[in-house]
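Student: I would like to go through this model one question at a time. Please end each answer on the value or name I ask for.

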Amino acid sequence: MISTQKNKMKNPRYMEILQKNIRDALSVQHVILLESRKILDDLRFIEVLAPVIGPSSDPGIRGAKRVSFDYYGKQYKIMSSMILYKQALIRAFDNVYAFAPNVRLEPLANTNSDRHLCEFYQLDLEMKDKTIEDVMKITEIFLEKLLYKVDLLCKDILSDYNRNLIIPSGPFPKIPYSKIVDIADSEGFPMLYGDEIPWEVEVELSKHACKPFWIVDYPAGSRGFYYKVNPDDPSLLLTMDLIYPHGFGEASSGGERETDVRRIHYLLRESGENLEEYAWYLEMLKTDGQNSAGLGIGVERLTRYVLGFDTIDKCTAFPKKPGVYSI
Ligand code: AMP
Ligand code: MG
């Protein structure tokens, strides 16, 4: 039997949340949530409550594992992202968003990355009949408005941390993936064309930037089955990442959604996914595939960026770092 003494946590979170830095982060996050809702309402987005469990969830999560459990005799997943459900919702509304909880068992190697949690929230946006270019433009408008308001309303807190938040206006620079591979090579992080960009590389690139920037033109086969192939160049996908400046790394990923059921079917099969889990999704696309585009912005990473904090675990009330037992 485990003794209660041995099981006692060193610094329980219910004590740590009394610290000024954590209370400040949660106060700033409150403003981020509130102002995001106002801006998105003005931009005519409908807020939905995100699903938490379901038969399928996003498999393209960079080496992290999804959590499965028995749901009355069937296998269910806890959402690793609500991407597939956004594609269902966009059939009913032109623009939707959710502050969606995600659970991903991140590899232990990410424990000290300062930006990975096993439980986090995404601000998930999806827009009907929009292109990847439209999404980038709307995100630039949204971020500029949001950072302006958060800076204004949280001035006192930010000044306690000497945080001089830059309010970026669009268009943000767009760097093609192929150029990132070359830069990674010259910075001593060799990567193969087609690999996901290692987070160390993102951080290095981000250190040299003084404004957020997009990474575009990912090669076909490098990312999730739900990204559309670029019709002008089938060797590329219509997907992008947004990178924060000053070393804060990835802010968001997104793109234009694939509606070609045969291609999705092929890619799911090729990656060893259980097609039964995706039956509803494939059926939906077959019946009436809806063109849409969108992205997901990590809320805790955004909070960290606004405050300029060193680690993400200060930016949520009850952080779950990979491999760390906590409340
Ligand atoms: P992804 O679909 O993996 O690109 O995730 C979308 C966004 O969610 C990322 O751009 C990050 O801002 C955020 N995110 C992804 N994984 C994590 C994680 N393990 N911890 C915190 N935020 C995350
Ligand atoms: Mg990503």
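Student: Is Arg44 buried or exposed?
Tutor: This is a predicted model, and the values here are computed from it. The relative accessible area of Arg44 is 68%. The cut-off for the exposed class is over 50%, so Arg44 counts as exposed.

Student: Where does Arg44 lie, and what is its phi?
Tutor: Arg44 sits in the loop between helix H3 (20-42) and strand S1 (46-47). Its phi is positive although the residue is not a glycine. The value is near 65°.

Student: Which class, buried or exposed, does Asn162 fall in?
Tutor: Asn162 belongs to the loop between H6 and S7. It is a residue other than glycine with a positive phi of about 50°. With a relative accessible area of 71%, over the 50% cut-off, Asn162 is exposed.

Student: Which peptide bond is cis, and what is its omega?
Tutor: The cis bond joins Gly170 and Pro171. Pro171 is in the loop between helix H6 (155-160) and strand S7 (174-176). Omega for the bond is about -5°.

Student: In what order do the three strands of the open sheet lie?
Tutor: Strand S2 (53-54) and strand S3 (68-71) are the edge strands, each pairing on one side only. S3 is joined to strand S4 (residues 74-78) by four bridges, antiparallel, and Phe69 has Tyr76 in S4 as its bridge partner. The pairing in the sheet is antiparallel, and the order is S2-S4-S3.

Student: What is the bridge partner of Leu125 in S13?
Tutor: S6 is joined to strand S5 (residues 95-103) by nine antiparallel bridges, and Tyr97 stands opposite Leu125 there. S6 also pairs with S13, again in the antiparallel sense, over seven bridges. In S13 the partner of Leu125 is Leu295.

Student: How many of the residues of S6 are buried?
Tutor: Strand S6 has 10 residues and is mostly covered. Gln122 is in this strand, and at 10% relative accessibility it counts as buried. For S6 the number of buried residues is eight.

Student: With which side chain does the side chain of Gln122 make a polar contact?
Tutor: Leaving out residues up to four places away in sequence, Gln122 touches residues including Ser80, Ala98, Asn102, Arg104 and Gly298. The polar contact between side chains has a distance of 2.6 Å. The partner is Asn102.

Student: Which residues have the most contacts inside the largest nonpolar core?
Tutor: This core has 43 residues. Helix H5 (residues 132-153) gives the most to it, with eight residues. A second, separate core of 21 residues includes Met79, Val261, Ile264 and Leu268. In the largest core, the residues with the most contacts are Leu123, Leu302 and Val306.

Student: Why is H11 described as largely enclosed?
Tutor: The buried residues of H11 include Leu302, Arg304 and Val306. Just after the helix, Gly308 takes a positive phi of about 70°. H11 is largely enclosed by the rest of the structure because its count of buried residues is nine of the nine.

Student: What does the side chain of Thr311 contact through polar atoms?
Tutor: Thr311 is in the segment after helix H11 (299-307) and counts as buried at 14% relative accessibility. Apart from neighbours within four places in sequence, it is in contact with Asp114 and Arg304. The polar contact, at 2.7 Å, is with the side chain of Asp313.

Student: Which strand gives the largest share of the shell around ligand 1?
Tutor: Strand S6 (119-128), strand S12 (249-256) and strand S13 (292-298) each supply at least two residues of the shell. Of the 15 residues around the ligand, Arg104, Glu106, Glu250, Ala251 and Ser253 come nearest. The largest share, four residues, comes from S12.

Notes. Residues numbered from 1 in each chain as written. Chains lettered and ligands numbered in written order. Predicted model: local features only at pLDDT ≥ 70, side-chain atom pairs only at ≥ 80, totals over all residues. Heavy atoms only, no water. Pairing = 2+ DSSP bridges. Core = buried A, V, L, I, M, F, W, Y, C linked by side-chain atoms within 4.5 Å. Buried < 20%, exposed > 50% of the residue type's maximum accessible area, 1.4 Å probe, protein only. Near = heavy atom within 4 Å. Polar contact = N/O pair within 3.5 Å; in protein donor to acceptor, adjacent residues only side chain to side chain. Contact = heavy atoms within 4.5 Å.
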